Amino acid sequence: MEFRVLGPVGARRGDAEVALDGAKQRTVLAALLLAEGRTVTDTRLCELLWGERPPATFAAQLYNYVSRLRKYLGAGVDIVRQWSGYQIRIGTSRFDLDEFERLAEAGRESLRGGRHAEAAERLHAAMSLWPGPALSNVTEHLAVAESHRMAELRMSVLESRIEADLLLGRYVPLVPEVTQLVAEHPLHEGLRGQLMTVLVRSDRQADALATYHEGRRVLADELGVDPGPLLAEAYRSILAGPPAPAPAPAVVAEPSWHGVRPAMLPPGVGDFAGREEELNGLLRVLTAAPAARPPVAVVTGMAGAGKSTLALHAAHLTRAAFPDGQLYADLGRARGNAVEPYDVLGWFLRSLGHVEPAIPKGLDERVRLYRSQLAGRRLLVMLDGTADYAQVAPLLPGDPGCQVIVTSRLRMPELAGATSLEVGTLDREQALALLGRIIGAGRVAGETEAATRIIELCGRLSLGVRVAGSRLLARPHWSLGYLADRLADERYRLDELRLGSMDVRERLDSSYHQLADLGQLALRRLALLRTPAFPSWCTAEVLGISRDAGEEVGENLVDARLLEIVESDGGRRQRFRFHDLVRVFAREKADQADRTLVAGAGALSAVGN
């Protein structure tokens, strides 16, 4: 298969063009391809297809677009359903954007190394893959969302290609091309500087000076600024006389990894308590000999369970086992806006001693350099708050001496050979011990009954207990009984479990917004059931859909750690239950949705009257 986005979006199998149904079908394909292996959420796809006013049937329409794409693309290309959206896996298929970036980075590498003819050849080959305006046959919503990025990508490579031609002395053929580019982009100082260089080396010094003065006027009129240092320096060099032969660009020396020992771990918590079994299990993995330990340890659990606290505590305890340092990245962001692996690799390479010009611009090149730098080293990599496997895969070292800790709400079965450690709620003794570490064991012993009420009202969730303890620590005049009474009212419980950046509601909200609309609706309706546990078929009943579809929604809620399985006979019959704080949160969402419907009905009634 061959996929194209650098021009009209399309796909070809061999010599035959794949027939796509229209702009929206092409938009779904392009959005999945441009995500480069990441999951594109249903919400995002909806925005790219319909903007701010999607039709009432958008979920069904999106499903149909994806189903038809699977049929049209056939074997070798997989579009998989993740719990919040879709992901495309193209395998060995050719993708013009990937090839463009590979050639561009190879050309820039040659340019940095002084191999100008080789650089020009590769950069010309990259530009030949761009036949016209990118994404020219998709919805306006996708075109607008990606137009700036695609234009910047093309322009940066075009500048590098012109630079390579300049260094090869191809001045005269460049004059008309660069003149046209400056006319199209009059505020682009880099292009204007290149035009000045082309003109002066073509014995057109007066035209070069006129080009500078025109640029100075345009910048003043349009932006109210003077030319930048690069353009000003080009002007001064022209006034100084005939230019010397263009020197080869300086080769950026690759920094030696030796002696650079990254230490990116954030501080651990001083009041760590409980979790002895989980901590010991993780320590056994981290301290085993490289040949005996799995390359990845995945710490999983619901939002607020204490995954990051446990993983970070273990990472600090085992620093001596990784003499070459520790890399750390917080990959999680609220409402699905996860950090891109491309950016994380930039952080890691800088921490490993690379200066900015030496860091590749393409994702694949960054991955190769990162893994090369870690070869032969014993180093710990902690990836905190991971959204999905696609976010982790580029950040995995290739050397068995390195160890990775991943924290995630997902179990990530794609990580072959990984050890998975489940972090559940605290037991009674662990929760009381944590509360005692925060506020003092004496204060807990003095009000044992109230302390027990507090941890139970927090559902023995690590974050809930920590917030409750921190509030008591900040208010030493409060009795434990007083806080327990405040927590007893479900309407305000999540308000009480918020202190600064520690916010139980916010953590649950991030899981909620990863769900598709049907999953959110199911969570709200199931929370209204007046029973501690319920059979899996209830999901289908509250949604009015088939049992098979209902089971799929229920499984997605379990994957998101918003439902717990309390009974199962191998998957055929299951019973679910809510964690107490998740039920409180879901009922809040149900109440908010009802108020929104009432307000909307009132507004429609007013319009009708």
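Author: Glu146 is buried, its relative accessible area being 15%, where buried means under 20% relative accessible area, exposed means over 50%, and partly exposed lies in between (1.4 Å probe, protein chains only). Its salt-bridge partner is Arg149, with 2.8 Å from N to O; a salt bridge here is a side-chain nitrogen of Lys or Arg within 4 Å of a carboxyl oxygen of Asp or Glu. Arg149, at 33% relative accessibility, counts as partly exposed. Because Glu146 and Arg149 are three residues apart in helix α6 (residues 140-167), about one helical turn separates them; helices (H or I, at least four residues) and strands (E, at least two) are DSSP runs, numbered from the N terminus.

The model is predicted, so local features need a pLDDT of at least 70 and side-chain atom pairs count only at pLDDT 80 or more, whereas totals for chains, interfaces and linings use all residues. Residues are numbered from 1 along each chain as its sequence is written, and side-chain values use heavy atoms, with hydrogens and water left out.

Helix α6 also holds Asp165 and Arg161, which lie four residues apart, about one turn of the helix. The side chains of Asp165 and Arg161 meet in a salt bridge of 3.2 Å, N to O, and both residues are buried; for Arg161 the relative accessibility is 6%.

Arg161 forms a salt bridge with Glu177 as well, the closest N and O atoms being 2.7 Å apart. This pair links distant parts of the chain, since Glu177 sits in helix α7 (residues 171-184) and Arg161 in helix α6, 16 residues apart. Glu177 counts as partly exposed, at 28% relative accessibility, whereas Arg161 counts as buried. Together with Arg170, the residues Arg161, Asp165 and Glu177 are linked in a network of salt bridges. Over the whole structure, a search finds 33 salt bridges.

As for confidence, the protein averages a pLDDT of 85, and 92% of the residues score at least 70, pLDDT being the predictor's confidence in each residue, from 0 to 100. Confidence is highest in helix α18 (residues 448-457), at a mean of 96, and lowest in helix α26 (residues 580-608), at 72.
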